[in-house]
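Here is a short briefing on one protein chain. Keep the structure in view as you read, and find each part as it is named.

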Amino acid sequence: MRPRDIARAREEFPVVYVPLGTLEWHGLHNPMGADGLQAEELCLRCAAQGGVVFPPVYYGESRVNSLLETDPRFQGGICERMGLPPDAFAEEKFPCSGMQQLELYQRLLIQIMAEAASYGFALAVFVAGHYPLVEPARCAVLTYNQWAYDKPWKRIGGLALADYLLLRSDYGEAGDHAGGWETSHLLCSDPDTVDLSLAEKELQFGIFGSRDPHEADARFGGEIYDRAAERITERVRRWMENPQFDHGLTL
């Protein structure tokens with residue numbers, strides 16, 4: 001987008017969507033960046049109703065907490081399949097501790113909110129493709145609002161959400177990890193990144209959820225993208241109508 005495009009979009013609907021992803025094992029059949037791809041597609045569908053989309057955030061989250069690569073049940077198998085030494089993901093190989101990495105990521109998201117505010121937007125919406133990132137995003141929203149509470153300028157509002165949280169009442173088991181839910185997403189939005197021949201039963205590794213990835217369907221992926229986008233934009237519209245009652249609330 002060029003400057004005039006941004007200004008025009010902001011005047012029409014001053015909301016910025018921020019896709020949050022990571023690089024993480026999503027089975028042999030899906031790309032490592034699956035979470036960011038899904039978050040970006042969901043943000044784009046939301047912004048079709050108004051607003052803009054920031055570039056996806058793929059880096060900065062803790063690399064020793066809440067990743068499949070750090071799960072003792074799967075770490076060895078992932079290293080073997082990727083041709084890495086068994087201690088490739090050990091905490092001592094990172095310059096910051098797990099807690100420090102969590103704090104750094106929260107500070108990054110606070111900075112992103114401030115950047116969105118500097119461009120004149122009224123609301124920043126973090127969309128977490130990697131589910132655990134919704135928690136540091138919530139913390140960032142609350143911390144930013146506490147910092148900006150007594151500042152003389154108008155502070156930006158913030159929301160943090162993940163699609164499965166919005167759709168739990170619609171589907172028996174909303175969300176998964178590299179199963180039929182996420183793979184359906186990718187077949188819909190980024191089909192060239194998926195190889196279902198690598199999702200056969202004997203090849204599946206590090207997959208969670210009740211939906212088999214080999215039965216993933218692009219139509220279902222589009223359905224759940226659209227339904228989540230509908231819930232998000234409904235929530236955003238409510239915030240825009242009554243921002244004074246809703247600063248810092250999250251989904």
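Two strands count as paired if DSSP finds at least two bridges between them. Strand β1 and strand β2 (residues 52-53) pair in the parallel sense, over two bridges. Bear in mind that this is a predicted model.

**Overall build**

- The protein chain has eight helices and four strands.
- Along the sequence, these follow the pattern α-β-α-β-α-α-β-α-β-α-α-α.
- The radius of gyration is 19 Å, close to the 18 Å that the globule rule gives for 251 residues, so the chain is as compact as a globular protein of that length.
- The C-alpha atoms fill a box of roughly 60 × 45 × 35 Å along the principal axes.
- Of the 251 residues, 50% are buried.
- Take the contacts between residues at least 6 apart in sequence: 76% of them join residues at least 24 apart.

**The sheet**

- Strands of a sheet pair through backbone hydrogen bonds, either parallel or antiparallel.
- Here, four strands form an open sheet in the order β2-β1-β3-β4, with parallel pairing.
- The edge strands are β2 and β4 (157-161), and each pairs on one side only.
- Helix α5 (residues 134-148) packs on the sheet and touches β1, β3 and β4.
- The direction of α5 makes about 165 degrees with that of β4.

- How many residues of strand β1 (residues 15-20) are buried? Six of the six are, so the strand is largely enclosed by the rest of the structure.
- Val15, Tyr17 and Pro19 point one way from β1. Val16, Val18 and Leu20 point the other way.
- β1 pairs with strand β3 (residues 123-128) in the parallel sense, over six bridges.
- On the β3 side, Val15 stands opposite Leu123.
- On the β2 side, Val16 stands opposite Val52, and Tyr17 stands opposite Val53.
- β1, helix α2 (residues 34-47) and β2 together make a right-handed β-α-β unit.

**Salt bridges**

- Side chains of opposite charge can pair when their charged atoms come close.
- How many salt bridges does the structure hold? There are 16.
- Glu61 and Arg63 meet through their side chains in a salt bridge, at 2.5 Å from N to O.
- Glu61 has 5% relative accessibility, so it counts as buried; the cut-off is under 20%.
- Asp170 forms a salt bridge with Arg227, and their closest N and O atoms are 3.3 Å apart.
- Asp170 lies in the loop between α6 (163-166) and α7 (180-189), while Arg227 lies in helix α8 (residues 218-241), so this pair ties together parts that are 57 residues apart in sequence.
- Asp170 is partly exposed, at 25% relative accessibility. Arg227 is partly exposed too, at 30%.
- Lys201 forms a salt bridge with Asp212, with the closest N and O atoms 2.8 Å apart.
- Lys201 and Asp212 both lie in the loop between α7 and α8, so the pair ties together parts that are eleven residues apart in sequence.
- Are Lys201 and Asp212 buried or exposed? Lys201 is exposed, with a relative accessible area of 60%. Asp212 counts as buried, at 13% relative accessibility.
- A network of salt bridges links Arg2, Asp5 and Arg8.

**A look at Met32**

- Where is Met32 found? Met32 sits in the loop between β1 and α2.
- Met32 has a relative accessible area of 29%, so it is partly exposed.
- Leaving out residues up to four places away in sequence, Met32 touches Thr22, Leu23, Glu24, Trp25, His26, Glu69 and Met82.
- Met32 and Thr193 are 161 residues apart in sequence, yet their C-alpha atoms are 9.6 Å apart in space.

Methods. Residues are numbered from 1 along each chain as its sequence is written. This is a predicted model: local features need pLDDT of at least 70, side-chain atom pairs count only at pLDDT 80 or more; totals for chains, interfaces and linings use all residues. Side-chain values use heavy atoms; hydrogens and water are left out. A salt bridge is a side-chain nitrogen of Lys or Arg within 4 Å of a carboxyl oxygen of Asp or Glu. Buried means under 20% relative accessible area, exposed over 50%, partly exposed in between (1.4 Å probe, protein chains only). A crossover is right-handed if, with the strands pointing away from the viewer, the path from the first strand over the helix to the second runs clockwise. Contact means heavy atoms within 4.5 Å. Axes are lines fitted to C-alpha atoms, for helices over the stretch in contact, and angles run from 0 to 180 degrees between N-to-C directions. The radius of gyration is taken over C-alpha atoms; the globule rule is 2.2 Å times the number of residues to the power 0.38.
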